[in-house]
Amino acid sequence: MAKGILNQELIALRLTNEEYKNMTAEELESTVRQVYLEETGSLLDADIEIFHSSETGDSLINQTGYNGTAIYVDAGRQEEMYVIYQGTTNGPDWSFNGKGPLAGESIDQPLATDLFVEQAKTELAADNDTKIISWGHSLGHHNNEQAYLGYDTFDEVYGMNGAQVNAYQLYDMNRDFRNAIKNEFNISNKEDLREAVPVEDFEVFTEEFFKDKANGIHQIVSADDPLNGLTPFVPGMVELGQIEVVDTNPDVSGIK
């Protein structure tokens, strides 16, 4: 992982898991400091401020079921904001799984991700020099990665057992990508893309188009996680970035 205040693999994994407990801001800050001490052997010499999605008044964020937390860490000479997005936990999440990652149609949750980050930056007084880093599991990683590629929401994305991006969603989100697709395949709209362009060609073009930007995507994936075996079977779903595959159950073959 890139050098940062909290950007150590075990810290990221532990805090992503701890965030599911829906703690108060005070409890989460205490947990951040405790995890940092346990993993580094040092006290965290930084101010911490926290903003949770339950505090937002944005109707779209609330309607989509977005559940995440922004942790702003100010170490004096270094300021960073970490955004943890939970995986599937509620009815809207399950509904979006079908319409977004699997169908490649809805972009509601990646859009809510971008809106939440912008609001969190305002609430926590993060400036343009503050590095914005996402941590996410499962659907949370999917939406973070979509927002990163579609809207430049984050500077870096870290995921754990995440659902991969769907290029059909990116077509709706990223204007430069959409225009490049239209020029490359001589189409005028998404319906043409679905009907006239072989999905394999579309996926290859997507991987090439985002090749450089994908350097900011880092993933840890269990070979036995169901989502790891899903990617080849979903039209438009592609793997991007640096992916570390871990064999979490050596007694059985990986799902792929």
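Modeller: The following account turns to one helix, then to a helix pair, and lastly to a strand residue. The model is a predicted one.

Helix α10 spans residues 199-209, and within this helix F202, E203, F205 and T206 are buried. These four residues lie on the same side of α10, because the arc they cover around the axis is only 165 degrees. The exposed residues E200 and V204 are carried by the face of α10 that is turned away from its buried side. Among the elements that cover the buried residues of α10 are the helices α7 (167-173), α8 (175-185) and α9 (190-196), together with β8 (237-238).

The helix pair is formed by α5, residues 108-123, and α6, residues 139-151; their axes come within 8 Å and cross at roughly 70 degrees. Angles of 65 to 115 degrees count as roughly perpendicular, and α5 and α6 are therefore roughly perpendicular to each other. On the α5 side, the contact involves Q109, P110, L111, T113 and D114, which meet L139, N143, N144, Q146, A147 and Y151 in α6.

Buried means under 20% relative accessible area, so E156, at 9% relative accessibility, counts as buried. The side chain of E156 is joined to that of K131 by a polar contact of 2.4 Å.

Conventions:
Residues numbered from 1 in each chain as written. Predicted model: local features only at pLDDT ≥ 70, side-chain atom pairs only at ≥ 80, totals over all residues. Heavy atoms only, no water. Axes fitted to C-alpha atoms, helices over the stretch in contact; angles between N-to-C directions. Helix = DSSP H or I, 4+ residues; strand = E, 2+ residues; numbered from the N terminus. Parallel < 35°, antiparallel > 145°, perpendicular 65-115°, else oblique. Contact = heavy atoms within 4.5 Å. Buried < 20%, exposed > 50% of the residue type's maximum accessible area, 1.4 Å probe, protein only. Polar contact = N/O pair within 3.5 Å; in protein donor to acceptor, adjacent residues only side chain to side chain. Arc of directions from axis to C-beta.
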